[in-house]
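Dear colleague,

I am handing over the structure we spoke about, and my notes on its side chains follow below. Please read them with the model open beside you.

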Amino acid sequence: MNSSAAEHDFIPIDASHLLTVWQWRNSDRVRENMHYDKLITWDEHTHWFEALLQDANRECWIYRQHSRPVGVLNFSDTKQTIMQWGCYLGEVNCAPGSGLILEWAALEYALKKVGCEALAAQVLSFNTSALKLHKLFDYERVKIEAGGTRQRPEQSGALEYEIHFFYYAMQQWQVHRERVLAKLPKPIQRGCQQVTFLSKETV
């Protein structure tokens, strides 16, 4: 498949994405659901990118729709048996169901990753859309810990929040994946089936 024609594909982050990803990371919509919600300076951002390139245990993929970058899919502990992941949509005018496709892509990538036995994730308790997505995909919630306080735009005062920890064994995903796919709307099913990860050599 020609990568320029792909409806949903993922490419490794490179220097050409730096400005766009910096703007995404600093948007209110993305920042408010992250562990670190302060504005990120350009120097901090470039140092993050340089460290990422040197870290064999981390991967950052750019989610594209019809060759247009729309979001980010992050993995850490990629050399371990349990990988951690997180994601966000940087653009607001994405294809409907893009969050569902990101969820699917993360699990499918982990399933094909040699040596990966499970995928783990953390979600802050006020990020209700992510909590719903993990429930829909049949993640196991393994624990909940106190997270601290956060000033939310819709709240007049500081809000106490928790951190929800999720786990998905790849053996379980193999069992659940077709049933999960069948629960999704038909256009989203087609999108999930089109997901492609392109290596640096094929971009």
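To begin with the charged groups that sit over rings, R25 lies over the face of W48, at 4.5 Å from the ring centre, and the charged end of K143 is placed over the ring of F165, 4.6 Å from its centre. Please keep in mind that this is a predicted model.

Turning to the aromatic side chains, a search of the whole structure gives 14 aromatic pairs. One of them is formed by W24 and Y88, an edge-to-face pair with 6.5 Å from centre to centre and 85° between the planes. This pair joins distant parts of the chain, since W24 belongs to helix α1 (residues 18-25) and Y88 to strand β4 (residues 82-89), 64 residues apart. W24 is buried, at a relative accessible area of 4%, and Y88 also counts as buried, at 10%.

The rings of Y109 and F197 have centres 4.7 Å apart and planes at 35°, so this pair is tilted. Here too distant parts of the chain are linked, with Y109 in helix α4 and F197 in strand β8 (residues 196-197), 88 residues apart. Y109 is buried, with a relative accessible area of 14%, whereas F197, at 23%, counts as partly exposed. Both residues belong to a cluster in which ring pairs link F10, W61, Y63, F75, Y109 and F197.

Finally, E108 is found in helix α4, which spans residues 98-112. E108 is buried because its relative accessible area is 9%, under the 20% cut-off, and, leaving aside neighbours within four places in sequence, E108 is in contact with W173 and R177.

How values were computed
Residues are numbered from 1 along each chain as its sequence is written. This is a predicted model: local features need pLDDT of at least 70, side-chain atom pairs count only at pLDDT 80 or more; totals for chains, interfaces and linings use all residues. Side-chain values use heavy atoms; hydrogens and water are left out. Helices (H or I, at least four residues) and strands (E, at least two) are DSSP runs, numbered from the N terminus. Buried means under 20% relative accessible area, exposed over 50%, partly exposed in between (1.4 Å probe, protein chains only). Contact means heavy atoms within 4.5 Å. Rings of Phe, Tyr and Trp (its six-membered ring) pair if their centres lie within 6.5 Å; planes under 30 degrees apart count as stacked, over 60 as edge-to-face and the rest as tilted. A charge sits over a ring if NZ of Lys or CZ of Arg is within 6 Å of the ring centre and within 35 degrees of the ring normal.
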